Amino acid sequence: MSNQYILGISAFYHDSAACILLNGEIIAAAQEERFSRKKHDSSFPTKAIQYCLDYAQIDLNQVSKVAFYEKPLLKFERVLENFLAIAPKGIPAFVKYMPAWIKEKVFFRKHLNDQLKALDLGETNHLKVTFSEHHLSHAAWAYFTSPFKESAILTIDGVGEWTTTAIYRANGKSIESIQEQSYPHSLGLLYSAFTQFLGFRVNDGEYKMMGLAPYGNRESEIYKNAREKIESTLVKVFEDGSIRLNLKYFRFLEGKRMTASKLWNDLFGMPQRWERDELTQSHCDFALAAQDFTEHVILLLAKEAKKVTGLDNLCIAGGVGYNCAANGVLIKESTFKNIHIPPAVGDSGSAVGAALLTNALENDSFEKGNMELKNDISFLGPQSQNHQIRAYLDANAQSYQTFEAFEALCYQTCDLLTDGAVVGWMQGRMEFGARALGARSILGDPRKPDIQRVINQKIKFRESFRPFAVILLEEDLQEFFCLEEPSPYMAIISEIIPSLKKPKPENFEALSIREKCDWINSDFPGISHVDYSCRIQTVDEKTNNRLWRLLKTYKAKTGYSLLINTSFNVKDQPIVCTHQEAYDCFMNTNMDALVMEDNLMLKSSEV
């Protein structure tokens, strides 16, 4: 039997991506932004496709099917009806965007063929193209990468074609839609509206609002008023988790801003913040009200999914699946016995979901596996080889040390970390998805009181209030955190155990954001947020071996395996992909050391 290759593609909204399947197995996947260096690149993923084909050592002649992550004509129908519903308000946006929409949606099959032909990588006329509905692609990515033979699936995002939230029942190769919420009533769009009201960018700053929320005070008037107004005026919530937005307060239907700014200002008794405005306690209190409300709705949706499916397993996908705090609450509530949240839960993962669904439906012998895949579905991107790295460093007259034994490199790196160094860490194939999971990471010692400020301000060049994730050996998880199940994809927030917490000062709520940020709240202040919460990544020996060995060495040296792990990039830039980009980032920031495969570089101050 000949090999069967399926090319999966997502494009034209945000986070375009491509993948290649070989006989049903994911062998390569990447987001276009990693190659174009344009964050959240939405263009056709030319470079990502090129990478996937190169990795598989094939061209388009050997690809049998192309799976696209949504149905363009259905999306065009929604856009057209949206413009007609608000006319004449939407005429400027209609005139501006409609020519591109007609090309990309109405005549999409030709547009896709033209884009693939332009790659000049083989014939395209033989390609069979399949189109999966947007939320079904999300669902397929979550379910087919899970260890479950049957599962409920919950997908939540801004909007697909029409669907904004969906509950599915999956068994074997079948994924059945049970309930759906339709546009414009969307929890994802509502969360983005909250994000914009606080001065952060839509489709980029949502995680900033989530990080700001723990600085809020539930006893404040701002919090109480915001929570009350959200539920009494802005949105109606039903028992099954469905919602109905009061569209008078929103402007996204007109293709402009998310919110009707003046109405929001009057409703919440506070002005909208703009990006360069100073953050105040009022913004923190509002963020907490918005986050609490969102978690409340997600819990209702999970309970509804349990009720209508009767299953013990739940898979989660869609952009709202990046809300690690809500994920942590879901796990703590134990509505389901088992929960699977894959990496790349947004649109990039849907490229793979569409391909996996096509493979399942068109393969008579398909059987759903029950393996725990962990990072076998994370490290799917390019890898720099040692000879390439050394040649580049030599060409740049850079001093470096090469280690024949990886254990020796681990010992040297751990010595640097315990001395307070911040280390760039580039190993193996690049991660797929928004999280750095140890292939393109920046590492630090979480015991250091000022480590968060140093990395945020001198290396990442980002807001000082933002916390860092923690990595630790999977087998050490319950020694440090109130979490029982592994978290290999950094998708869950949980609290540090009580014995490691420091008591809050009596005047805590009177402290400024800066003072709260500087407060040493645990034995590991670099990774415990102001409310003692931590975004956790567990590391196992089999699927993340090199990072596991580093943590094992660090534990032998210090007595614990916890390190700070943050993405290898600076503010507003995608995570680095190549050794050249890693080197440039290292040289242009205040990182102290850089490890690329078996090679170690030090800044002159560390030599």
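The dialogue below turns to cavities and then to one helix residue.

Guide: This is a predicted model, in which local features need pLDDT of at least 70 and side-chain atom pairs count only at pLDDT 80 or more, while totals for chains, interfaces and linings use all residues. Residues are numbered from 1 along each chain as its sequence is written, and side-chain values use heavy atoms, with hydrogens and water left out.

Visitor: How many cavities of 30 Å³ or more does a search of the whole structure find?

Guide: A cavity is a set of points on a 1 Å grid over the protein atoms alone where a 1.4 Å probe fits but cannot get out; lining residues have an atom within 4 Å of a point. A volume is the space filled by probe spheres set on the points, which are joined across faces, edges and corners. The search finds two such cavities.

Visitor: Which residues lie nearest the centre of the largest cavity?

Guide: They are Tyr-322, Pro-342, Arg-435, Tyr-489 and Ala-491, out of 13 lining residues.

Visitor: Which element gives the most to the lining of the second largest cavity?

Guide: Helices (H or I, at least four residues) and strands (E, at least two) are DSSP runs, numbered from the N terminus. Helix H12 gives the most, with three residues; strand E6 (150-156) also supplies at least two.

Visitor: Is Thr-553 buried or exposed?

Guide: Buried means under 20% relative accessible area, exposed over 50%, and partly exposed in between (1.4 Å probe, protein chains only). Thr-553 counts as buried because its relative accessibility is 11%. This residue is found in helix H19 (residues 545-558).

Notes
On a 1 Å grid over the protein atoms alone, a cavity is a set of points where a 1.4 Å probe fits but cannot get out, and a pocket is an open set with protein on both sides within 12 Å along at least five of seven lines; lining residues have an atom within 4 Å of a point.
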